[in-house]
Amino acid sequence: MEKKNKTLRNLFIILVYTFLYLPIVILVVFSFNASKMNIVFTHFTFEWYAKLFQNKDLLEAFRNTMIIAVVSTAVSTVIGTMSAVVLQKYDFKGKDLVNKLIYIPIVIPEIVLGIALLSVYTLFHLNLGMFTLILSHIAFSIPFVITSVRSTLTQLSPTYEQAAYDLGAGKIRTFFDVTLPLIMPGVISGGTLAFTLSLDDVVISYFTAGPGSNTLPLKIYSMIKTGITPDVNALSSLMLLVVIIVLVSITYIQSKSIQKRGKV
Amino acid sequence: MNRKKAFQIIVTLPVVVYSLLLILIPIVYVLFLSFLKSDSFGGIEYQFTLENYLMIFDIIYIKILLKSFIIGLLTTFICICISYPFSIFLMDKSETKRNLLIKLVMIPFLTNSLIRTYGWIVLLRKSGVVNTTLSSLNLIDKPLNLMYNNLGIIIGMVYTLLPFMILPVYSAVSKIDARVIDAAKDLGANKIKRFIHIIVPETLAGVFNGSLMVFIPAIGYFFISDILGGGKIMIVGNLIKNQFLTARNWPFGAAISIFLIVFTFLLIRIYKKIGGKLDELGGL
């Protein structure tokens, strides 16, 4: 009875993973398919991976997506980390309001933030394009970085910083030599989250991209209606590979840093 | 002292500027827009009106709202039904295994969600993988209509949003003290009783957290209803999108957006009442 129960439980877990991974497996499999239609698997080929590097539109969309993701992640990680520290340490007028405002991008439907940003860009006569895309991605990423950093910050004992001050280190030195290394796991996971959210964003980009600036998700969105060619599958498979490599290395670094802290 | 003050102002400035410029002003401007009249050329007339809000109660729009809410609720319900047993069953595993399995839940949604949604087209369409497999096994005579309908949308929504339910539910379930469950077992409580009297109350905030992170996007993700609903089915997300990009009635689109914001804030209030923390929302 116990044993049968266990098999059923494992079966359920396997089913959930099948559901989560099935579309991805399909995507990867069809990136090696000779037929142009993503319907039946004819035979194995690397053709689409080669073709990918000739598809200028797709490569440009990919390049834009990477630029936006890198710039918006860098900016939002720096501002988000700073904000989390400032909001914890200092009191200032309107802090309560700021504390409430930063949750808004996390909780309201993305589409609402998208149209709100589009509206103010129009109000201020900003031309829609790479700049507005980057600005919008920064806008929705910062709150995720703040919450992520804040969660490590609240667990941090104030004795470390106190010790640094007692030893004569200034505020800035203490921050960079003591606080920052200790909250690094939160900074890294916040940054990773910002990066992946940016890479994948459809909704907000849809409203804040101009006619001349295409991102990869937007390009794929427009292709879905006419039919997706397997070179898109190939690009997505490559990106998946990169994501997995990045994720594995971050896990490795984090587990190292936990070990290191354990030794101190 | 002055230098200290100046330093404080400089480091505080970014977060203040950000939250005013990129959050407060845009939302307030949408609120302002929602009370303006639209002219027939897609422009705005600077004249106060409540018309946009009254228009939401038009039967066509009420139907779209209701449909979105039903799709959102069904998606949320299905996600809860998957996440509870999944999290509880996972507790049998060792901690290292569990951490790895939870990471595996996250990997799919680090890849492009559109391309994954497209993967569902390949699976679900009439000549798709599911239908061809079923008919080659002689289980069906005619291909099933698995997409371009409500079913397709719900499959797509559940798929895209499931990790947002699994993570908070799992984190709540894993915090339950195993001794409490053992004690209940010893006192003769069966599985169902243990679930209702221990697991549910202990995980309520986690489930509500997940429900918010599933339900709210589900009413706005226009791309899923576009792709898997075949463009025939409108949810609130499509409605807002159309008002801003095709119909070009910004004030009406703004009014629906404000309606959604107010609705979201109400849900957040409930979440806080039952002991949920804002910092845990969207924390992955």
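This is a predicted model: local features need pLDDT of at least 70, side-chain atom pairs count only at pLDDT 80 or more; totals for chains, interfaces and linings use all residues.
**Entry 1: a glycine after a helix**

I began at Gly168(A), which sits just after α8(A) and takes a positive phi of about 95°.

Next I asked myself how many of the eight residues of α8(A), residues 159-166, are buried. The number is zero, so this helix lies largely in the open.

I then looked at how α8(A) packs with helix α9 of chain A, residues 171-200. The angle is about 165°, and the axes are 10 Å apart. That makes α8(A) roughly antiparallel to α9(A), because angles over 145 degrees count that way. The crossing of α8(A) past α9(A) is right-handed.

I wrote down who meets whom. From α8(A) come Tyr160(A), Glu161(A), Ala164(A) and Tyr165(A). Their partners in α9(A) are Thr174(A), Asp177(A), Val178(A), Thr179(A) and Leu182(A). Sorted by class, this contact has five nonpolar, two polar and two charged residues.

I moved to Gln54(A), in the loop between α2 (47-52) and α3 (56-89) of chain A. Is Gln54(A) buried or exposed? It has 9 other C-beta atoms within 10 Å, so I logged Gln54(A) as exposed, the rule being 12 or fewer.

With 17 C-beta neighbours inside 10 Å, Val71(A) counts as partly exposed. Thr196(A) is 125 residues from Val71(A) in sequence, yet 13 Å from it in space, C-alpha to C-alpha.

**Entry 2: chain B as a whole**

I stepped back to look at chain B. I listed 12 helices and two strands. From the N terminus, the order is α-β-β-α-α-α-α-α-α-α-α-α-α-α. The C-alpha trace spans about 75 × 70 × 35 Å along its principal axes.

How many of the 284 residues count as buried? The share is 42%. I also looked at contacts in chain B with a separation of 6 or more: 70% of them join residues 24 or more positions apart.

**Entry 3: positive phi in a loop**

I reminded myself that most residues other than glycine have a negative phi.

Asn138(B) has a phi near 60°, a positive value, and is not a glycine. I placed Asn138(B) in the loop between α6 (129-136) and α7 of chain B. Asn138(B) has 7 other C-beta atoms within 10 Å, so I marked Asn138(B) as exposed.

Tyr148(B) also has a positive phi, near 60°. Tyr148(B) lies in the loop between α6 and α7 of chain B. With 19 other C-beta atoms within 10 Å, Tyr148(B) is partly exposed; a buried residue needs 20 or more.

**Entry 4: two helices of chain B**

I turned to helix α3 of chain B, residues 59-90, and helix α9 of chain B, residues 191-220. They pack at an angle of about 145°, with axes 9 Å apart. α3(B) passes α9(B) in a right-handed crossing.

On the α3(B) side I picked out several contact residues, among them Phe69(B), Ile71(B), Thr75(B) and Cys79(B). On the α9(B) side they include Val207(B), Gly210(B), Val214(B) and Ala218(B). The residues of this contact divide into 10 nonpolar, seven polar and no charged.

**Entry 5: the core and the meeting of chains**

Which residues touch the most other members of the largest nonpolar core? I noted Ile115(A), Met157(B) and Leu161(B), out of 134 residues in that core. Helix α7 of chain B, residues 150-174, gives the most to this core, with 16 residues.

I followed up on Met157(B). Leaving out residues up to four places away in sequence, Met157(B) touches Ile71(B), Thr75(B), Ala218(B), Tyr221(B) and Ile224(B).

Last, I looked at where the chains meet: 69 residues of chain A are in contact with 67 residues of chain B. Helix α1 of chain A, residues 2-30, gives the most to chain A's side, with 14 residues. That side divides into 56 nonpolar, eight polar and five charged residues.

Note on methods
Residues are numbered from 1 along each chain as its sequence is written. Chains are lettered from A and ligands numbered from 1 in the order in which they are written. Axes are lines fitted to C-alpha atoms, for helices over the stretch in contact, and angles run from 0 to 180 degrees between N-to-C directions. Helices (H or I, at least four residues) and strands (E, at least two) are DSSP runs, numbered from the N terminus. A crossing is left-handed if the near helix is turned anticlockwise from the far one by less than a right angle, and right-handed if clockwise. Two residues are in contact if their C-beta atoms, placed from the backbone, lie within 7 Å. Ala, Val, Leu, Ile, Met, Phe, Trp, Tyr, Cys and Pro count as nonpolar, Asp, Glu, Lys and Arg as charged, and the others, Gly among them, as polar. A nonpolar core is a set of buried Ala, Val, Leu, Ile, Met, Phe, Trp, Tyr and Cys residues joined through C-beta atoms within 7 Å. Angles under 35 degrees count as roughly parallel, over 145 as roughly antiparallel, 65 to 115 as roughly perpendicular and the rest as oblique.
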